[in-house]
Amino acid sequence: MSVNEGKELRIIGFLCNWCSYAGADTAGVGRFAQPTDLRIVRLPCTGRINPLFIVRAFMNGADGVLVSGCHPRDCHYSEGNFYARRRLEVLKALLPVIGVDPGRFEYTWVSASEGQRWRSVVTSFTEQVHALGPMPGFKSGTSLDMCLCHLDQPQVR
């Protein structure tokens, strides 16, 4: 069930395998009604997320990006979510510079037993993205596009 019937947007969710993905699964097993806009990318840990994954998602047409992992001090890999939080805070501050409304990006912590919390996080974020509407496209050939294309190419020495 989409928030706006017939107007499904592209929302990408990067989820930690150990907590948030399991929390989403708990919500599904519990048959909690959830928006269908979210497409999940399962990660071993949010500490492994590169902020460029999020920038790339926006450049490739995502209308919103949600990152969700284990609660602080509850990380399966001890400190992964602390590293993620630092990187994601910096990214959130830089999003307006590249032309992305910071309301289109959010990160949160959801444990495996919090299916109801997962449902509320996804529903509120989806409503927030729907209020902003579809993401305006990036023009190819911009300095950001050139910079990111340069990063994709292997370095030759």
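## Salt bridges

A salt bridge here is a side-chain nitrogen of Lys or Arg within 4 Å of a carboxyl oxygen of Asp or Glu. This is a predicted model, where local features need pLDDT of at least 70, side-chain atom pairs count only at pLDDT 80 or more, and totals for chains, interfaces and linings use all residues. Residues are numbered from 1 along each chain as its sequence is written, and side-chain values use heavy atoms, with hydrogens and water left out.

The count comes to 2 salt bridges. One of them joins the side chains of Glu-8 and Arg-39, at 3.0 Å from N to O.

## Rings

Elsewhere, Phe-105, Tyr-107 and Trp-109 make up one aromatic cluster. The structure has 3 aromatic pairs, counted when ring centres of Phe, Tyr and Trp (its six-membered ring) lie within 6.5 Å; planes under 30 degrees apart are stacked, over 60 edge-to-face and the rest tilted.

## Helix packing

Helices are DSSP runs (H or I, at least four residues), numbered from the N terminus. H2 (residues 51-59) packs against H3 (residues 80-94) at about 40°, with the axes 9 Å apart; axes are lines fitted to C-alpha atoms over the stretch in contact, and angles run from 0 to 180 degrees between N-to-C directions.

Note on methods. Helices (H or I, at least four residues) and strands (E, at least two) are DSSP runs, numbered from the N terminus.
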